[in-house]
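Look over the sequence and the structure first, then read on.

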Amino acid sequence: MKRTIELNGNRYEMPAEVGNVEELLSHLELAERIVIVELNRDILAKDAYDKPINDRDQIEIIHFVGGG
Amino acid sequence: MSERYSRQELFAPIGEEGQRRIRATSVFVLGAGALGSSGAEMLVRAGVGRLSIVDRDIIEWTNLHRQQLYTEQDVVEQLPKAVAAEKRLTAINGDVNVTGIVIDVTTQNVLDLMDGHDVVLDATDNIETRLLANDAALKLGIPFFMGACVGSYGLTFPIGIKEDQPCLHCLLETLPSQTLTCDTVGVISPIVVTTAARQVADMLKYVTGTPFEPKLESADLWTGDRASIGVASMKKSGCPSCSENAVYPFLSARESMKTAVLCGRDTVQLSWPGSRKFELIPFADSIQGTVSKLIHNPHLVACEYNGHRIVLFRDGRMLVHGTKDIVTAKKIAAGLLG
């Protein structure tokens with residue numbers, strides 16, 4: 001089934017192979033980074049990254065970078 | 001001179017009283033690179049009373065597209081950033097007491113440097129110094145306006161504004177082995193200015209006494225992505241940096257990077273504490289486009305970068321060949337590892 005979510009304020013069509021938050025982070029090449037993830041306005045604990053992503057979910061991801 | 005700030009005073013949330021408070025503020029700017037240039041210029045124009053800006057580096061051609069305080073002449077003269085910044089900032093607003101300090105900020109000097117200021121603007125280029133500054137600011141009770149950016153992406157978070165909010169140490173559960181840096185993925189000036197603008201806006205709200213809820217915020221000016229997350233729930237009751245029983249681990253030598261000049265070898269060794277784990281393959285991948293003669297095996301990554309032979313060992317040691325200068329070596333490490 002096609003799933004459309006809101007990712008960091010933008011409409012985002014979920015790739016078929018991405019089922020949960022962990023897979024989304026890998027898909028976005030953020031798996032190696034330190035990230036803070038909010039799913040439907042709640043911060044997601046690291047051990048809950050296997051939570052499935054549903055149609056119309058709202059996700060915000062902030063990753064830490066070094067530069068300045 | 002009274003007209004000078006009239007348009008800022010006309011802005012109702014600031015007003016004359018807010019302007020007096022800005023004038024009474026003493027700012028410590030940690031780093032005179034991109035964020036430091038942009039943030040310090042805004043603060044000096046806004047009319048703070050005193051601004052200290054510290055940096056260990058000199059100005060290079062690769063800085064000029066985004067580090068707005070500097071000119072071609074500064075590069076030709078090989079001026080330290082802190083010196084050129086002081087000169088330019090004083091020219092912009094002679095009413096502000098600006099001091100540029102050429103120094104490598106370490107566990108030994110950070111408290112003395114920061115003490116006596118009211119707010120800290122984070123404009124460092126690496127996570128290690130950022131965590132050091134987080135601890136120092138918390139220990140001294142000075143709000144710390146975190147900011148970082150690379151590519152077209154930046155993030156900000158004000159620390160030490162409200163007691164129920166986390167610090168940087170709470171947010172980073174584990175130390176990153178490596179973060180993206182301007183030397184590995186590049187950076188464009190619009191995100192520098194955007195990130196600095198958010199830091200300075202939060203700082204102005206704070207010093208003028210405007211209540212606000214600190215948020216972890218990010219923006220990507222290329223993709224249009226943006227996020228704003230309330231992170232109060234991430235405050236850790238036993239945080240070693242911000243809880244009642246804080247020990248400020250990054251201020252202690254044990255948790256900080258060790259440096260040594262290897263005698264007779266024209267080489268500097270940097271070693272990180274055991275809490276920082278290095279993953280060699282992702283590191284090698286990330287620097288592929290930046291360095292030359294890259295090789296890696298299960299024990300180490302070796303490459304050439306800016307005329308230096310670099311070797312990173314799995315146990316958290318980096319050798320920087322071709323220099324006896326610790327600051328040069330730390331700069332290279334910050335460029336590659338963040």
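Helices here are DSSP runs of H or I with at least four residues, strands are runs of E with at least two, and both are numbered from the N terminus. With that in hand, α12(B) can be named as the element that gives the largest share of the lining of the largest pocket, six residues. The model is predicted.

**The largest pocket**

- The volume of the largest pocket is about 850 Å³.
- Its lining counts 41 residues. Nearest the centre of this pocket lie Asp57(B), Lys81(B), Asp125(B), Asp183(B) and Lys331(B).
- Three elements of chain B each supply at least two lining residues: β2 (50–55), α9 (182–185) and α12 (326–337).
- The lining splits by class into 14 nonpolar, 16 polar and 11 charged residues.

- By class, the lining of the second largest pocket has eight nonpolar, four polar and five charged residues.

**Cavities**

- Rolling a probe the size of a water molecule over the atoms shows where empty space is left.
- How many cavities of 30 Å³ or more does the structure hold? There are two.
- The second largest cavity contains about 50 Å³ of space.
- Its lining is made of Glu6(A), Asn8(A), Gly9(A), Glu38(A), Asn40(A), Arg41(A), Gln58(A), Ile59(A) and Glu60(A).
- Strand β5 (residues 58–63) of chain A contributes the most to the lining of this cavity, with three residues.
- One of the lining residues of the second largest cavity is nonpolar, four are polar and four are charged.

**The sheet of chain A**

- Strands of a sheet pair through backbone hydrogen bonds, either parallel or antiparallel.
- Chain A has an open sheet of five strands, with mixed pairing. The order is β2-β1-β5-β3-β4.
- At the edges are β2 (10–13) and β4 (42–43) of chain A, and each pairs on one side only.
- In which sense do β1 (residues 4–7) and β5 of chain A pair? They run parallel, over two bridges.
- Leu7(A) has Ile59(A), in β5(A), as its bridge partner. Ile59(A) also belongs to the lining of the second largest cavity.

**Helix α3 of chain B**

- Helix α3 of chain B covers residues 34–46.
- Its 13 residues should span 18 Å at 1.5 Å a residue, and its end C-alpha atoms are 18 Å apart, which agrees.
- Is α3(B) largely enclosed or exposed? Buried means under 20% relative accessible area. By that cut-off, 11 of the 13 residues are buried, so α3(B) is largely enclosed by the rest of the structure.
- Among the buried residues of α3(B) are Leu35(B), Glu41(B), Leu43(B) and Val44(B).
- Gly47(B) follows α3(B) and has a positive phi, near 95 degrees.

Conventions:
Residues are numbered from 1 along each chain as its sequence is written. Chains are lettered from A and ligands numbered from 1 in the order in which they are written. This is a predicted model: local features need pLDDT of at least 70, side-chain atom pairs count only at pLDDT 80 or more; totals for chains, interfaces and linings use all residues. Side-chain values use heavy atoms; hydrogens and water are left out. On a 1 Å grid over the protein atoms alone, a cavity is a set of points where a 1.4 Å probe fits but cannot get out, and a pocket is an open set with protein on both sides within 12 Å along at least five of seven lines; lining residues have an atom within 4 Å of a point. Grid points are joined across faces, edges and corners, and a volume is the space filled by probe spheres set on the points. Ala, Val, Leu, Ile, Met, Phe, Trp, Tyr, Cys and Pro count as nonpolar, Asp, Glu, Lys and Arg as charged, and the others, Gly among them, as polar. Two strands pair if DSSP finds at least two bridges between them. The expected span of a helix is 1.5 Å times one less than its number of residues. Buried means under 20% relative accessible area, exposed over 50%, partly exposed in between (1.4 Å probe, protein chains only).
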